[in-house]
Each structure stands twice: as C-alpha cells, then as structure tokens.
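I opened this notebook to keep track of what I looked up, entry by entry. Each entry starts from something I wanted to know and ends with what I found.

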Number of protein chains: 2
Amino acid sequence: MLATSSVNLKQLATQLGVSSSTVSRALRDSYEISSATRQRVQQLARQLDYQPNPIASNLRSSVSKTIGVILPQVDNPFFALAINGIEEEAQRNGYHVLIYLTHDKSEQEKQVAKFMTGGRVDGILLALASGTRGVGHFDKLKQLGLPIVQFDRVNDSLGTPTVTTDDYTSSYQATQHLLEAGCRTIAHLRLAECLSISSKRLQGYQAALHDHHIAFDPSLVLNGTNASEENVRRITQLLEERPTIDGIFASVERLALNSYQACQTLGIAIPQQLKIIGFSNTETASLLAPSLSTITQPAHAIGKEAARILLQALTKHRLVLPTQSVELKSELIIRASTSKQPVK
Amino acid sequence: MLATSSVNLKQLATQLGVSSSTVSRALRDSYEISSATRQRVQQLARQLDYQPNPIASNLRSSVSKTIGVILPQVDNPFFALAINGIEEEAQRNGYHVLIYLTHDKSEQEKQVAKFMTGGRVDGILLALASGTRGVGHFDKLKQLGLPIVQFDRVNDSLGTPTVTTDDYTSSYQATQHLLEAGCRTIAHLRLAECLSISSKRLQGYQAALHDHHIAFDPSLVLNGTNASEENVRRITQLLEERPTIDGIFASVERLALNSYQACQTLGIAIPQQLKIIGFSNTETASLLAPSLSTITQPAHAIGKEAARILLQALTKHRLVLPTQSVELKSELIIRASTSKQPVK
C-alpha cells in the first residue's frame, strides 16, 4: 500500500494500469477519457489522498490569485451576506474576488461561463440561476481543470462539492409551525425554478401537510418572479380567488415581502386573517408590521465554507471532490406574523 | 478653425506647438507632462471634440469588452439597484461587468485599484469607500488611459465625470420636513466619511436648521459604521443621553433602520416621541412599523447613466471628461414615521 502522503501521478497510473496522461486527464474530468475510467481514477485518487504536483499545478492555474463568484442576484440579503463570508475567507488567503451576476437568467449564466474560460480566475464559487435547467455550459470550465464549488442553489449532476442548508427539514418545520398555529389552507410561494433547493422546499411543505392529514393542493403553489410588482399582482389574485387561504409559506424572501404588500392592498390582517413565514435574511424582519417569522439561513457561514473548500484546493493543490459537500442548519425564528390567534 | 469632427492628434499638436507624443501623454493625464500643458491640451481637445484614432485606441484598451465596477458594499439596496442599471446598459452594448467590493475600506480600495492595472477591464465605474481620503491610488489607472466614471460617492479631485443626486437640496428638504412636523432637536446620523455626499448632506441639514433659526449642535451629529449592532449601541446611547431629541435624519439607510431598532429597545414610540427620515432605497420602507419616510435616490437611473457615459467613451472612443457630470433628483416620500402628531 502506498503512503497516502506521497502518492504521485505515476504511481496512480501504475496501480491502475493506465498511462500518466490518462490519469491526468481523468482527474481533470476530460471528455477524452471514458466515464468508467474517470471514475476509477478519481476514486483511487480520493482513496490515496492524491495531491497534484504543486509546481506543475501552479503553472497551470494559480496565475491570477483570483476566485470568481457567479451569483444570480445581489438585491437579496442572503447573497449579500454570503459574499461577505466569501470575501473574508479570500482575503485571509490573499485572493481577489470577482463577482459575476446572472440575474437569474440561464442565458446570462452561459455567457458568464464562456467568459470565464478566458483564464481570469483560478476557481469558481457558483450559485445557479433559477432559470437554469442543464449545467452543460460548465463542462468547458471543468475540462480546463478549474475547481468549482457550488453553494445554496446547486445541481448535483455537476459533480462538485456543495454547501447547502437543510432545506427539506426547515421547510417541514416552517409548515408544521403554520399548521400548529391553526392554518389549514397554506399557499406555497416559490420562484419558478428547476433547482434542487426549490424542490426540496416544496417537498418539506408537502411532507408536513401529509403528516397532518391535509391533502396537497397543487393550485396553492404559486410561481413568483424577481419582479416585486408582478409578484404582488399574482399573490393578490390568488388571495382573492381563494379566500380560505389562511397561511403563506414563502420559499424566498422577496415573496414573503410581496405577500405583505398584497395584504396591505387587500386589507387582510396579518396574523389574524393570514399567517406568513418565509426564508429570509433581512435585518428588517423584526421591524416589519407585524414582525416576520423567518427561516434564516446561515448565509455568511455558507459563503465562508464554500470559499474555504475552494481555497484549500487552490492553496494546497488538492482536487475539489463532491464528497466534501456540507450541509449547514437554518434557524426557525418565530415572530408576530405567525402568532397563534383565532383565524377569522 | 478645424472641423470639429475631423481633428486628429497631429492637428492638435500643431495648433498647440507641441509634439504629438506630448499631446497623447497629456490626454492620458501622464505625470511626465506638466500640469499646465496637460490643461492646455485637454482644454483644446474638449473644445474641438477630439476623438482618438479608433484603431490605435482599440489596440490599447478594448481587448476585454469588460467594465469593472468598484463598489463599497452590496448589502445596501442603493448599490444593488445601481448594479442592475449598470448591467442593463452594459448588456445592451455587449460588455461584461465585473464587480469588485471594497467593503468601505480604503486599504481594500487601494488593492483593487492596483489589481485593475493588470488590464482586466476597459473602463471603470467607481463609488468610493467611506474610508477613502485621498484618491492618489487611482493615478496609475488614469495614466494607463483607463476611463473612469464616478457615481454617488465621488471625489471631484479625481477629475472624472460624476453621476450624483441633489444631496444638498434633498437633505435640506428632509430636515425642513422634520421641522415642519414639529421637531426641534434633530440628530444627524452619518457614516464617518470624507466623501462629498456626506458633507453635502450635513450641509443641507445645517442650512435648514439655520433657516428655521435653530443653532447647529455638533454633538447631535453621530458617526455610524457598517455594523448594525455597533450602530444600535451608539444610537441608544445618544437617545438616552439626550432625551430631548425628537427627530432623526439618517444620511444612510442602515442608520435609519438601526434607529428603529434602538427605539424598539428603548420603548420610544415612532412618530409620537421621535420622528425618523432617512436616505433609503429599501422596498420594505412601506412595510415597516411604522412605515419609514425616505429620501429615495434614483439608484437604477444613476447606475445606468454612469454606465452610459463610460460605454459611450469605450464604444465611440471618446474621452470621458469631467464636464459630462450629471446630477439626478431624489424623491422625498413622506410616510408614517414623520407623521405630524403632538410630540410628547
């Protein structure tokens, strides 16, 4: 058995009975190598804690001392806080941070991914756009050997480490909290997403309903947008058409705030007539009328942890492996918007 | 007189009686050329609407089709909205946008400026860090001929176009509004800044007091930070020490929200005991308890206009000249936090 600290490319190749060049390309996830061989190579590399030759690796990638952060939006406290966590970690390691926005559009994400192949960055932190379905536009970056770590809005098929929160569990708890406060007809508001967080949050909501013997009603699921005005219009319409709705679980912050605006317009009293809870990182949650119950993600810690995994790869010339994925816990913070009063 | 559309470098040089190389360097603000000559050259170039040779200029600068945006923070709706305006304009012109954060620290701004000399971007949009005093760290970028447009947080001595709002006038109006609502002891909260917006906002406040025959009291000016917890501590202390304070004018959004938090802690009723108005772009202003009166800057338009000036320079190979500066108007939006009720 080889000592785990000293295994090199050639030893990996010998042990696997393939050429060094095959190992090298397999480790970079090159499309030239069959998926079966790539898996064999990567598995052994992981097992033996293989570390690429720092000097060769340095020549290839660590030119810019820069990491790129691909974000769907910044007018969302979650991402603003996550950036702060990322920058804190980057600074500690002497790295610059470049931010690229996709505005939640798949087309823009594709352009950004293409743009990044130009060698501007050493590694990438990625939160996917809500409009993104496939992730093939990141293949080129992976082939170039650019390490990627996904956070919050992830797609497992990209095969990178991910840093996420317990979306399913916290959504279950939030829905359960509404049910225990007396709600029986709970709308679920979400971005029209193809993302795993979106489906996990929906699943948590469904499971809580199921455990309370309430049938899931798909017409209570409303797809929102990033435009508040349009959201308020849709929520107002839903509340008018379905006057029995007595609870709202918003899977993103903007939709919780837009629900407040819709209630303001319709003269619906929160929490007496309608209770609201939402994923949110806004500092103003406790200042709203009434104060908003939230599921609050550890946004700063998520950014910091994602950056830590990426920078460890860059500074210690390790591979980033999907097995390094981390799940952090969100916090359920009960405030006045879900207070238990008789629902009229 | 030369036709304004056809003047070239050589003609400028002939008319001024200097070499073409001197003109070229003077236009790039090179330190090798005396300030008097630079002024003479730039004045004539402006007068004759000189446009650099597109091909030569293209070789020098338009390699990356990228503009860099230097921002103090993103966890501030003003900057988040400004970015959206910038990106809208950049996309329309086929440019990429890279965002660099300084976290309001002068040291980080210096690092970013140095980093940008590496030729990553074709031009720069700049909002200064609150901690920045001098702007000498941008000299190198100017010498490299990189066009810069400043917005919101500007320093005139940098000699670039600026896009700002009517900070003095809107601060005067906000203070006047508090006075007319019955306030007599108005605190002014601001970031400890050396920026022109900060002093203009203070001056507007002072002028309104003066016109209402109220003496300016420097001990009512509180310097805040970007850390909410520390701000709440400072505001709480001020309100405890000066119980006669019946109005707060916050020159940045965070300090208005922190004032709400301080009042929550101290059990001070807004607006009955204390009225609050602040510069703010948050969508939640109308949802707060009570809804917050604001001076709202046209953040999206500011970003868009700054980008428009820069991209015109890049795509049409014009110089960016300080004379292109623009001032847009903010809007005073009166809500419940300054409602005129008898102050106890």
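What share of the 344 residues in chain A is made up of buried residues? I found that buried residues come to 57% of them, where buried means under 20% relative accessible area, exposed over 50%, and partly exposed in between, with a 1.4 Å probe and protein chains only.

**Entry on conventions.** I noted that this is a predicted model, in which local features need pLDDT of at least 70 and side-chain atom pairs count only at pLDDT 80 or more, while totals for chains, interfaces and linings use all residues. Residues are numbered from 1 along each chain as its sequence is written, chains are lettered from A and ligands numbered from 1 in the order in which they are written, and side-chain values use heavy atoms, with hydrogens and water left out.

**Entry on chain A as a whole.** I looked up the secondary structure of chain A and found twelve helices and twelve strands, these being DSSP runs numbered from the N terminus (helices H or I, at least four residues; strands E, at least two). The C-alpha trace of chain A spans about 75 × 40 × 30 Å along its principal axes. Among the contacts in chain A with a separation of 6 or more, 73% join residues 24 or more positions apart, a contact being heavy atoms within 4.5 Å.

**Entry on Ala26(A).** I then turned to Ala26(A), which sits in helix H2 (residues 20–27) of chain A. Because its relative accessibility is 0%, Ala26(A) counts as buried. Setting aside residues up to four places away in sequence, I found that Ala26(A) touches Ile33(A), Arg38(A), Val41(A) and Gln42(A). I also noted that Ala26(A) and Gln39(A), 13 residues apart in sequence, are 8.0 Å apart from C-alpha to C-alpha.

Side chains of opposite charge can pair when their charged atoms come close. Are the two partners buried or exposed? Arg92(A) is exposed, with a relative accessible area of 60%, whereas Glu89(A) is buried, at 3%. The pair also belongs to a network of salt bridges that links Glu88(A), Glu89(A), Arg92(A) and Lys304(A).

In chain B I looked up Asp167(B) and Arg201(B), whose side chains meet in a salt bridge at 2.8 Å, N to O. Asp167(B) lies in helix H8 (residues 167–180) and Arg201(B) in helix H9 (residues 196–211) of chain B, so this pair ties together parts that are 34 residues apart in sequence. Both Asp167(B) and Arg201(B) are buried.

**Entry on Thr294(B).** Thr294(B) is found in strand S10 (residues 293–296) of chain B, and it is buried, with a relative accessible area of 1%. Its side chain makes a polar contact with the side chain of Arg335(B) at 3.3 Å; a polar contact is a pair of N or O atoms within 3.5 Å, where within protein one must be able to donate a hydrogen and the other to accept it, and residues adjacent in sequence count only if both atoms are side-chain atoms. Leaving out neighbours within four places in sequence, I listed the contacts of Thr294(B), among them Ile277(B), Ala285(B) and Leu332(B).

**Entry on where the chains meet.** How many residues of chain B are in contact with chain A? I found 33 residues of chain B in contact with 33 residues of chain A. The area buried between them is about 3000 Å², of which carbon and sulfur atoms give 55%; buried area is the accessible area (1.4 Å probe) that two parts lose on being put together, summed over both. In chain B, Arg120(B), Glu283(B) and Leu287(B) lose the most area to chain A, together 20% of what that side buries. The count of salt bridges between the two chains is two, and Arg254(B) forms a salt bridge with Glu283(A), with the closest N and O atoms 2.9 Å apart.

Note on methods
Salt bridge = Lys/Arg side-chain N within 4 Å of Asp/Glu carboxyl O.
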